[in-house]
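Here is a short note for a colleague who is meeting this structure for the first time. Please read the numbered points beside the sequence and the structure.

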Amino acid sequence: MAGILKKIHTTLEMIKWEHSIFALPFALTAMLLAADGLPGWRTVGWIVVAMVAARSAAMAFNRWADADLDAENPRTKSRAIPAGLLSRGFVLGFTCIAVAVFMAAAAELNRLALELTPVVLVVLLGYSYLKRVTQWSHFGLGLALGLAPAAAWIAVRGSLDPRILVLTAAVTLWAGGFDVLYACQDYEHDRTAGLHSLPQASGVAVAFWTARLMHLAMLALLVWFGRLFDFGLAGWLGVAAVGLLLAYEHSIVSPRDLRRLNAAFFTMNGVIAMVFLGFVSADLWMKR
């Protein structure tokens, strides 16, 4: 039993399950807008299960696919598979279980959600191979998170409203921009290993400016999104708060100083997502 519990703990560490908070608040935001309030708890529960399972599958598959590359990278060689803490077979098995849970949750939501699971899985699992072929792989990761709002909308309505795709685009740019920054840590390794990334192709300084432009575009999309859904005061305060938090994140890192990149990438991104959810929720409540 102790060995099983240790393996579960190592697996949860490997997939960074606590970082499910990145995309989940944006999915819940779309859920509230689709339902014009809170849908039934059954719907909420299955959306959360689907989101956590989908992300767990994506992260575990990424660790499985990148195991050999991680072993050669000083920054990642201590990860579970290269360090010998988990076998590749175990991680692949965990991925399959997470995929099955995701599909089961989608089936519990509605038919369209289930029918679109193969498309979602292609994006979630295919991202792991993009860095081998294109410097724009960051948009693949961004889209993997950006699909969350559209998926949640479908989970509630059983159909897709084009307006929610604006939030999908905003989240794609938000996550993709920070993946560009995160890839700056592996600039030298990527060049040696023949992997592709924007920092590797254009340099760290250009990568930083690209990430800033992506995040400015994200804010512009949030403004458009607010107009489409007729945001009130609380909603617009949420957009402003996201802008201020993004500005803070960019202020604590630079091309010459990446020491606080983890704080910007992991801690503050979760805060941004939760803050936006909180303000949009308040906006809906105030309109009632």
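Does Asp36 count as buried or exposed? At 52% relative accessibility, Asp36 counts as exposed, where buried means under 20% relative accessible area, exposed over 50%, and partly exposed in between (1.4 Å probe, protein chains only).

1. Basis of the note. This is a predicted model, in which local features need pLDDT of at least 70 and side-chain atom pairs count only at pLDDT 80 or more, while totals for chains, interfaces and linings use all residues. Residues are numbered from 1 along each chain as its sequence is written, and side-chain values use heavy atoms, with hydrogens and water left out.

2. Secondary structure. The protein chain has 14 helices and 0 strands, these being DSSP runs numbered from the N terminus (helices: H or I, at least four residues; strands: E, at least two). Read along the sequence, the pattern is accordingly written as α-α-α-α-α-α-α-α-α-α-α-α-α-α.

3. Overall dimensions. A compact globule of 288 residues would have a radius of gyration near 19 Å, and the protein chain agrees with this because its own value is 19 Å; the radius is taken over C-alpha atoms, and the globule rule is 2.2 Å times the number of residues to the power 0.38. Along its principal axes, the C-alpha trace of the protein chain spans about 55 × 45 × 35 Å.

4. Of the 288 residues of the protein chain, 53% count as buried. The accessible surface comes to about 13400 Å², of which 67% belongs to carbon and sulfur atoms, with areas from the Shrake-Rupley method and a 1.4 Å probe, and with only the protein chains shown counting as cover for residues. Among contacts (heavy atoms within 4.5 Å) between residues at least 6 apart in sequence, 73% join residues at least 24 apart.

5. Two aspartates with positive phi. Asp36 lies in the loop between helix 2 (24-35) and helix 3 (41-65), and has a positive phi of about 55° although it is not a glycine. Asp230, in the loop between helix 12 (204-228) and helix 13 (233-251), likewise has a positive phi of about 55° without being a glycine. Asp230 is exposed, with a relative accessible area of 59%.

6. Which residues is Asn110 in contact with, leaving aside its neighbours within four places in sequence? They are Ile154, Ala155 and Gly158. Asn110 lies in the loop between helix 5 (88-109) and helix 6 (111-115), and is buried, with a relative accessible area of 17%. A polar atom of the Asn110 side chain lies 2.8 Å from the backbone oxygen of Ile154, and the side chain of Asn110 also reaches the backbone oxygen of Ala155 at 3.1 Å.

7. A histidine and an aspartate. His138 has its place in helix 8, and is buried, with a relative accessible area of 2%. The side chains of His138 and Asp179 are joined by a polar contact of 2.9 Å, a term that stands for a pair of N or O atoms within 3.5 Å, where within protein one must be able to donate a hydrogen and the other to accept it, and where residues adjacent in sequence count only if both atoms are side-chain atoms. Apart from neighbours within four places in sequence, the residues in contact with His138 include Gly176, Val180, Ser197 and Pro199.

8. Leu86 and its surroundings. Leu86 lies in the loop between helix 4 (67-72) and helix 5, and counts as buried at 4% relative accessibility. Not counting residues up to four places away in sequence, Leu86 touches Lys7, Thr10, Thr11, Met14, Ala80, Ile81 and Val91. Leu86 and Lys7 are 79 residues apart in sequence, and their C-alpha atoms are 7.5 Å apart in space.

9. Two partly exposed positions. Arg163, in the loop between helix 8 (137-157) and helix 9 (164-183), counts as partly exposed at 29% relative accessibility. Beyond residues up to four places away in sequence, Arg163 touches Trp153, Phe225, Leu228 and Phe229. Ala193 lies in helix 10 (residues 187-193), and is partly exposed, with a relative accessible area of 32%. Ala193 and Glu72 are 121 residues apart in sequence and 8.5 Å apart in space, C-alpha to C-alpha.
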